[in-house]
Amino acid sequence: MPVSPSSSAQAAREAVAGRLRDLRKMAGLTITGLADRCGWHHSKTSRIENALTGPTATDIRRWCAAVDAAHQAQDLIVQSVNAETMYREWRHQVQGGLKQLQNSSAQFFRDTGLFRVYSSTLVPGLLQTEGYAAGVLRTAARFRELPLDDSAEAARVRVERSRVIHEPGRRFVLLLEEAVLYCQIADSDAMAAQLGYLLTAGAQPTVSLGIIPTAARERTQWPRETFHVYDDHLVSVELVSARVRITQPAEIALYLKAFEELRSMAVYGANARTLILKAIEALH
């Protein structure tokens, strides 16, 4: 059974914890002995070693000083920061509102040359119309019980950010499960406009839009979690509770392998248009 992205993030935390534990043992210190040298309660040492609590940079410096390994502190701090940023809870990301969240990735989009997106749930943000995006973000605001619902403004920012799809020098390979076309996240008019835009966007020379038919036989990949691959450097996976950023080359390679297998099951061009038109007809 494949490891989940959240498990990968936890494994990264555990790797840091394991290195700290090994340093303590090599120094011949007990959990209590290290805690005494660091000036904190022994339960904190235990929580860090069991990856229940992520250590701060100060914690790591104290720990390394206590075991005469100060030269390893900076490397461990970098490893710990990477582990913690892999898994970012949505509640922290949306504290400044949905509009700010959309703005935060605008520069990153401009710096990316090849976008590969697989979605089993929604039309990808890169292809969303304003009405559809507003429906998606309004649902997110309600679900996360945000004190300020700025979904309408955030939708406009999302569409503006997505204009990158019209800029030269980039490529977009987008895969959707056919079920996405029937997930009515907005009203019928907004859904019709969204599906109509897929017909237009899919015809652009820089865009490869594939749809995996629900009736596809002998699938080599079952529907996966929605994920985005940016160049060959980052995979972003959206979970209910968090966004996971994957940067390990071996894990990225697995996602690229899955993407290519999913891509081989999709239909393109006229066949994809037929599926979209069928979904539009189902709205009436």
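Which helix holds Thr45? In this predicted model, Thr45 lies in helix α3, which spans residues 42-49. Thr45 has a relative accessible area of 0%. The cut-off for burial is under 20%, so Thr45 counts as buried.

The nonpolar core comes next. In soluble globular proteins, nonpolar side chains tend to be buried together. Here, the largest nonpolar core has 32 residues. Leu181, Leu198 and Ile276 have the most contacts inside this core. Several elements give two or more residues to the core. The strands among them are β2, β3 (171-177) and β4 (207-212). The helices are α9, α11 (188-201) and α13 (269-282). Ile276 touches Leu181 and Leu198, and also Leu195, Leu199, Leu209 and Ile211. Residues up to four places away in sequence are not counted for Ile276.

Leu122 sits in a loop. This loop runs between β2 (114-119) and α9 (130-143). The relative accessibility of Leu122 is 23%. Buried residues fall under 20% and exposed residues over 50%, so Leu122 counts as partly exposed. Leaving aside neighbours within four places in sequence, Leu122 is in contact with Tyr132, Val136, Leu176, Val180, Cys183 and Ile185. One of these contacts, Val136, is 14 residues from Leu122 in sequence. The C-alpha atoms of Leu122 and Val136 are 8.5 Å apart in space.

Conventions
Residues are numbered from 1 along each chain as its sequence is written. This is a predicted model: local features need pLDDT of at least 70, side-chain atom pairs count only at pLDDT 80 or more; totals for chains, interfaces and linings use all residues. Side-chain values use heavy atoms; hydrogens and water are left out. Helices (H or I, at least four residues) and strands (E, at least two) are DSSP runs, numbered from the N terminus. Buried means under 20% relative accessible area, exposed over 50%, partly exposed in between (1.4 Å probe, protein chains only). Contact means heavy atoms within 4.5 Å. A nonpolar core is a set of buried Ala, Val, Leu, Ile, Met, Phe, Trp, Tyr and Cys residues joined through side-chain atoms within 4.5 Å.
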